[in-house]
Amino acid sequence: MPLLSALTLLPLAGAVLLMAVPAGKARLLRRLALGIGVASLALAVVAFLQYAANPTGSFELVERHEWLPGLGVSFALGIDGITAPLVLLTGIVLFTGLLASESVAMRQKEYYVLFFTLVAGVFGTFASLDLFFLFFFYELAVLPMYLLIAVWGSTRKEYGALKLVLYLVAGSVLVWVALIALYVEGGLGTFDLRAYLGAAIDPSFQRLLFPFLMVGFGVLAGLWPFHTWSPDGHVAAPTAVSMLHAGVLMKLGAYGILRVGIQLLPEGAQAWAPLLMGLAIVNVLYGAFSAMGQRDLKFVIGYSSVSHMGYVLLGLATLNVTGLNGAVLQMFSHGIMTALFFAMVGVIYDRAHTRDIPLLGGLAKRMPIASSYFVVAGLASLGLPGLSGFAAELLVFIGAFQVSFLAGVLAVAGATVTAVYILRLLGGVFFGPLAAAWERLTEASPAERIGGAVLVAVLILFGVAPFLLLRVITTTVERMLGA
């Protein structure tokens with residue numbers, strides 16, 4: 001069975017199927033969407049388990065179909081130890097995001113069509129072994145965000161949607177320039193990513209090209225100072241889109257830096273790693289201090305995402321096995337954690353109709369389950385042992401100290417600031433006296449509870465047993481670095 005083709009094309013086929021359903025049949029649309037989501041999650045789990053059963057470090061489940069042979073473009077798919085966890089992450093966030101979409105009442109059909117189109121782009125980007133199709137799916141994942149935010153969002157939604165698209169398209173231009181330049185300079189006559197592994201690419205050209213990829217992909221990863229679209233986009237997006245935005249889309253940028261920049265241009269990466277490390281530290285500290293000063297729950301999580309993506313970028317900048325392992329594990333952990341954060345913020349906002357932190361308080365008395373889920377996400381964010389964030393950040397810290405003592409100290413300082421604002425947030429919103437205005441708040445719905453429980457279970461599973469992911473990730477990282 002062409003598993004990866006099925007995984008990538010199923011959401012697109014689902015989008016086409018949903019187009020044929022009359023817009024007035026809301027229940028049928030919802031059931032079909034959930035069915036497609038369950039099938040996509042199942043395929044993602046199967047793909048991960050098939051690779052994890054025998055993690056070789058090289059690409060597995062490979063498929064290749066010629067598309068433009070004269071230009072060396074083919075529809076080639078495959079996964080390795082880096083992409084297998086990210087494919088699993090995408091399937092989990094897709095499914096839980098659909099559960100959180102039950103409150104979408106306006107233009108459901110169009111919403112689900114755009115939602116699945118975006119997800120197909122994410123799966124395709126992670127699985128593509130052809131640089132042309134990697135870029136194609138990358139753009140397919142980004143562009144639906146404009147309508148998903150501008151139509152179904154809130155809080156300056158047109159501004160947030162337009163700002164997001166302008167920043168990301170600008171970054172995409174840099175990426176496309178770099179890929180074309182690599183194709184021409186490499187002289188291999190193909191876009192097949194595997195052909196460039198270990199190819200003799202001039203070191204000076206690598207040093208010239210790497211910043212195009214670092215900044216181009218870095219925009220989507222929230223790299224400072226190109227991060228400002230991200231908190232605005234988080235706040236404006238509807239709940240499930242925020243979950244995909246922070247949980248998966250930002251990982252595409254970090255993945256692009258790792259897969260295309262570091263893996264194909266290793267000498268360019270060595271030359272620019274100190275700058276990337278410096279910017280990553282700014283991400284960590286700037287995002288943490290900015291989160292501390294916010295009043296809106298979504299802005300807190302938005303800036304927290306900028307800070308946590310700083311740990312991912314820091315791990316990438318170390319260019320050592322420990323740091324890169326931590327970076328990939330942090331991508332997975334942060335994706336699950338922020339999806340849980342935004343899902344529970346959606347529950348609160350749907351019932352309280354506000355995200356203003358000073359107005360909230362004592363919500364655990366009326367919403368104990370949703371509050372418990374949010375607390376778990378918060379504890380994962382500050383790196384509590386037993387949750388997946390701890391192992392990921394620990395590896396990044398060790399990798400950073402192996403390269404720069406100062407970078408390691410500043411990274412740990414960022415984690416301290418994170419603990420301060422997270423604990424203050426939890427105390428202010430969920431505990432203490434309950435305001436009279438919130439006496440009639442209702443608990444999360446069954447669908448929202450199931451989605452939250454899935455995300456909590458994943459955080460605990462890979463917190464207690466991080467080796468389940470690390471044994472998969474390490475095989476490819478060691479192969480990539482020649483360790």
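Modeller: A helix here is a DSSP run (H or I) of at least four residues, and helices are numbered from the N terminus. The model under discussion is predicted.

Biologist: Which helix gives the largest share of the lining of the largest pocket?

Modeller: The largest pocket has a volume of about 390 Å³. Among the 20 residues that line this pocket, those closest to its centre include Arg479, Met480 and Leu481. Two or more lining residues come from each of helix H10 (239–264), H11 and helix H18 (467–481). The largest share, four residues, is given by H18.

Biologist: How many residues of that lining are nonpolar?

Modeller: The lining of the largest pocket includes seven polar and two charged residues. The nonpolar residues in this lining number 11.

Biologist: How far apart are the end C-alpha atoms of helix H11?

Modeller: Helix H11 covers residues 266–292, which is 27 residues. At 1.5 Å a residue, H11 should therefore span 39 Å.

Biologist: At which residue in H11 does a kink lie?

Modeller: The kink is of about 55° and comes shortly before the proline Pro274. The residue at which this kink lies is Trp272.

Biologist: Which helix gives the most to the lining of the second largest pocket?

Modeller: The second largest pocket, with a volume of about 330 Å³, is lined by 21 residues, and Asp350 is one of those nearest its centre. Two or more lining residues come from each of H10 and helix H13 (321–352). The most, four residues, is given by H13.

How values were computed. Residues are numbered from 1 along each chain as its sequence is written. This is a predicted model: local features need pLDDT of at least 70, side-chain atom pairs count only at pLDDT 80 or more; totals for chains, interfaces and linings use all residues. Side-chain values use heavy atoms; hydrogens and water are left out. The expected span of a helix is 1.5 Å times one less than its number of residues. The bend at a residue is the angle between axes fitted to the seven residues ending there and the seven starting there. On a 1 Å grid over the protein atoms alone, a cavity is a set of points where a 1.4 Å probe fits but cannot get out, and a pocket is an open set with protein on both sides within 12 Å along at least five of seven lines; lining residues have an atom within 4 Å of a point. Grid points are joined across faces, edges and corners, and a volume is the space filled by probe spheres set on the points. Ala, Val, Leu, Ile, Met, Phe, Trp, Tyr, Cys and Pro count as nonpolar, Asp, Glu, Lys and Arg as charged, and the others, Gly among them, as polar.
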